[in-house]
Each structure stands twice: as structure tokens, then as C-alpha cells.
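Student: I would like to take one part of this model and look at it closely, and then see how other parts are arranged. Could you take me through it in one connected account?

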Amino acid sequence: MDLRIKKTKRAIRSAFAELIKEKPMEKITVKEIAERAEINKTTFYAHYETVYDLVDQLAQETVAEVISQINTAQNLLDNPRAFVKEIYGALNENGQYMDAIPSPGITQFTAHLRNAILEKIKQDGKAQPVGIKLEHTPFGDDRRRRSKTIAIHIGVAVGVLRPIAATTGTTRNY
């Protein structure tokens, strides 16, 4: 990616991060972000369609970062407590925009995160010579139960961060 694009996106995100601490996302305008980032509105629109598009991209990138920091998704199956701790730590590290996700969007975020974790479980299984043996997990190969278990564990990690972000204005250092 071109260095100018990186700097511009970083400025936009930084401006957004400052504004989200001051007011609800619904009240933030492209004009405010552009002024704070010291860019033109046209430059903002070259990268994002709307403020909601910015938040969506931030959420997608947060999921990608969280997934990249998870040592093994197999922990979800073998040691759920360790997995929740690990995912909580990764969300805490990368979740500076979590408080920007509107309440209805958090459901989409957790669904996207759950799907990414399921994909990582599949990839981890392919990388291991023996593969992940779902029948040896507490829920066997019951896909519905596995999906619910994953959703609950992700929900716990995300659910713990949301109130912290709401009361402190950040998800960092908790």
C-alpha cells in the first residue's frame, strides 16, 4: 500500500478514535473527521463511503488482527477458559474501535468473529497431521452445539469489553 494512503487512513482513524471518545458514533460527521484529520472530505470519500463504512472496515480489520493473534483456535475446543482469555486479550489489544460499533452491529461483529474462528479451526486442523478430532471434544461432531459454544465464548469476551469501553471510553489496559 502506498505510504500516502497509509498516512491518510491512519489520520482518519486517529481522528475518528478521538471523536468517538467525545460523542456517540451517530453524531460524528464526515466533516468533523476530515477537519480533525486535516484532510478534505473528498479524501475521506476516496477511502470510505460513510462513517458506517469506516466502522465496518475497522471491525473487519479488528477481526483479522484478533484471528492472527490467536495461537490456536483448538483451545476453544480443548480449553475454553484459556481460549476466552486469549481472545479477550486479543480484543483488548486491538479493540480500540469496539466502542464505535453500534449495539446492533455488535451482533454482526461477533458473527463475523465466530465465522473467522471456525475458519481458523478448519485451517489449524489441516495444518496438523492428524487434524482436529471434533468427536473428542465435549460436543463431539455436533455442529449446532459447536457453533453455539463458539458463539457463547466469543460473546463472553466481547461482552466483557463492551461495558468497559462504555464506562472508560477505551478498551485498552483492561
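Tutor: Q108 lies in helix 7, which covers residues 103-127, and because the relative accessibility of Q108 is 59%, above the 50% cut-off, this residue counts as exposed. The model is a predicted one, and in it the C-alpha atom of Q108 is separated by 9.7 Å from that of D56, although the two residues are 52 residues apart along the chain.

From here we can turn to helix 4, residues 51-69, whose axis comes within 9 Å of the axis of helix 6, residues 80-94, with a crossing angle of roughly 135 degrees. That angle makes helix 4 oblique to helix 6, and the crossing in which helix 4 passes helix 6 is right-handed. On the side of helix 4 the residues that meet the partner are T62, E65, V66 and Q69, while helix 6 contributes E86, I87, A90, L91, E93 and N94. Sorted by class, this contact between helix 4 and helix 6 holds four nonpolar, three polar and three charged residues. An α-helix has 3.6 residues a turn, so residues three or four places apart point the same way.

Helix 6 itself has 15 residues and reaches 21 Å from its first C-alpha to its last, which is close to the 21 Å expected at 1.5 Å a residue. Its buried residues are F83, V84, E86, I87, Y88, A90, L91, N92 and N94.

A second pair of helices can be described in the same terms, since two packed helices are described by the angle between their axes and the distance between the axes. The axes of helix 1, residues 3-22, and helix 2 come within 8 Å and cross at roughly 120 degrees, and helix 1 and helix 2 are therefore oblique to each other. Helix 1 passes helix 2 in a right-handed crossing. In this contact A11, I12, A15, F16, E18, L19 and E22 of helix 1 meet E32, I33, R36 and A37 of helix 2, and by class the contact has seven nonpolar, no polar and four charged residues.

Most residues other than glycine have a negative phi, whereas E38, which is not a glycine, has a positive phi of about 60 degrees. With a relative accessibility of 73%, E38 counts as exposed.

Notes. Residues numbered from 1 in each chain as written. Predicted model: local features only at pLDDT ≥ 70, side-chain atom pairs only at ≥ 80, totals over all residues. Heavy atoms only, no water. Axes fitted to C-alpha atoms, helices over the stretch in contact; angles between N-to-C directions. Helix = DSSP H or I, 4+ residues; strand = E, 2+ residues; numbered from the N terminus. Parallel < 35°, antiparallel > 145°, perpendicular 65-115°, else oblique. Left-handed = near helix turned anticlockwise from the far one by under 90°. Contact = heavy atoms within 4.5 Å. Nonpolar A, V, L, I, M, F, W, Y, C, P; charged D, E, K, R; others polar. Expected span 1.5 Å × (residues − 1). Buried < 20%, exposed > 50% of the residue type's maximum accessible area, 1.4 Å probe, protein only.
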